[in-house]
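Hi,

Here is the structure I promised to pass on. Have a look, and then read on for what turned up when I went through its charged side chains.

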Amino acid sequence: MDTELPTIFSAKRTSFVRTSVIREILKLTVENSDILSFAGGLPNPHLLSKDILSSVMESVVKDHSRFALQYGDSSGYLALRTQITEKLTDVPWVTSDSISITHGSQQGLDILGKMFMDEETNVLLEDPVYLGALQAFSPYQPNFFSVPMETDGPNLYWLEEILSQNKIHVFYINPSYQNPSTYTWSVEKRKQIATILDEKEVILIEDEAYRYLDFLGNVYPSVSSFRERNDLTFVLGSFSKILSPGFRLGWAVVPEVYRSLFTAVKQGNDLNSNQFSQVVVSQLLDQMDWTKHLDSIQSYYYEKQKILSSLLKEYIPEAKFVVPEGGMFLWVEFPDVLQKEMMNQCLASGVAMVPGSEFSQVSKLSSYFRMNFSFLEKEEMEVGVKRIAKVYRDINT
């Protein structure tokens with residue numbers, strides 16, 4: 001009887017919940033420290049100054065505990081919302097009132113799914129697409145459509161075909177150093193697609209979690225900054241990749257017409273985001289040399305990307321990938337292998353990658369894998385790539 005309870009009593013929507021192979025792999029790597037993992041999108045923890053963090057934490061406890069240790073505004077700590085407005089978004093109409101602090105950008109995805117998606121909703125996704133978006137949206141059972149990605153953004157022919165033949169309500173995008181493909185939309189495509197979405201009256205959910213991870217320090221204008229329909233435009237950001245995922249803080253830029261509803265849905269989720277983390281992050285933004293901090297992350301990840309790219313070219317020259325402009329991943333095709341077989345043999349050999357099929361809303365054969373380069377050290381990456389190379393050779397002999 002116990003084994004039947006989830007089926008008997010769970011809501012219908014739970015049958016649409018997707019599990020995350022990434023989280024399962026991370027669990028394996030925690031349980032088995034011998035596994036070298038290219039799987040998780042893990043920022044390097046050494047890039048946040050421990051001296052500054054310790055000083056700020058002490059200051060928050062001593063001088064700001066009245067706010068930091070209490071419930072807060074559901075929209076978020078005002079000082080932090082103001083800093084995001086001034087430093088971390090380029091949407092022309094944004095104000096501190098437009099910003100809602102979320103429990104990571106993932107909560108923003110879930111709230112927007114609750115607000116806009118049900119069985120009658122047509123949602124357009126990039127293909128491939130961020131797995132976390134699929135997990136957030138799937139329980140609301142929308143009708144998914146996919147537009148294929150090119151190295152400079154969505155295929156415009158297929159985008160216009162989809163939009164002309166279907167009433168698309170929501171388009172979710174990840175235009176800068178996309179997770180997982182690493183592709184970055186060109187400025188020209190950003191402008192063109194913003195105009196198309198205005199004409200078709202499509203809600204845009206723009207996920208800019210990687211916006212500040214360009215290896216050369218470039219910051220692309222958001223697609224949202226080119227839109228005229230501000231009332232149909234949402235932008236999500238995150239502190240996970242530029243400070244630390246441990247704070248579990250992100251933000252959403254919400255148009256005025258939807259702010260009350262967004263806040264009400266959020267209150268049902270968590271009352272308010274972690275107040276202590278918000279005050280700490282606000283103090284960090286106030287006291288750090290922000291430009292220098294971002295420069296250090298960008299240059300560090302650039303070097304790590306070059307190391308992994310070089311190792312793959314040396315040990316698995318058959319591997320195919322586009323060298324990204326930024327971000328934390330390579331999107332690697334290993335020709336002539338079955339994805340499941342390679343993943344299982346890699347895990348058995350003590351190395352982990354995320355199979356590309358996880359990043360699609362339809363099951364399909366693929367020999368792509370997402371490989372993270374931000375976390376492992378050079379020596380560990382070399383050992384890991386050698387293990388992958390051996391598995392690849394064994395499969396192809």
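**Salt bridges**

At 29% relative accessibility, Asp-152 counts as partly exposed; buried here means under 20% relative accessible area, exposed over 50%, and partly exposed in between (1.4 Å probe, protein chains only). Before the rest, a word on the source: this is a predicted model, where local features need pLDDT of at least 70 and side-chain atom pairs count only at pLDDT 80 or more, while totals for chains, interfaces and linings use all residues. Residues are numbered from 1 along each chain as its sequence is written, and side-chain values use heavy atoms, with hydrogens and water left out.

Asp-152 forms a salt bridge (a side-chain nitrogen of Lys or Arg within 4 Å of a carboxyl oxygen of Asp or Glu) with Lys-189, with 2.9 Å between the closest N and O atoms. This pair links distant parts of the chain, 37 residues apart: Asp-152 sits in the loop between strand 4 (143-150) and strand 5 (153-154), and Lys-189 in helix 9 (residues 187-200). Helices (H or I, at least four residues) and strands (E, at least two) are DSSP runs, numbered from the N terminus. Lys-189 is buried, at 7% relative accessibility.

Another bridge joins Glu-303 and Lys-306, at 3.0 Å from N to O. They are three residues apart in helix 12 (residues 290-315), so about one helical turn separates them. Glu-303 is partly exposed at 41%, and so is Lys-306 at 36%.

Then there's Arg-81 with Asp-73, 3.5 Å between the closest N and O atoms. Arg-81 is buried at 6%, whereas Asp-73 is partly exposed at 43%.

The search of the whole structure finds 13 salt bridges.

Cheers
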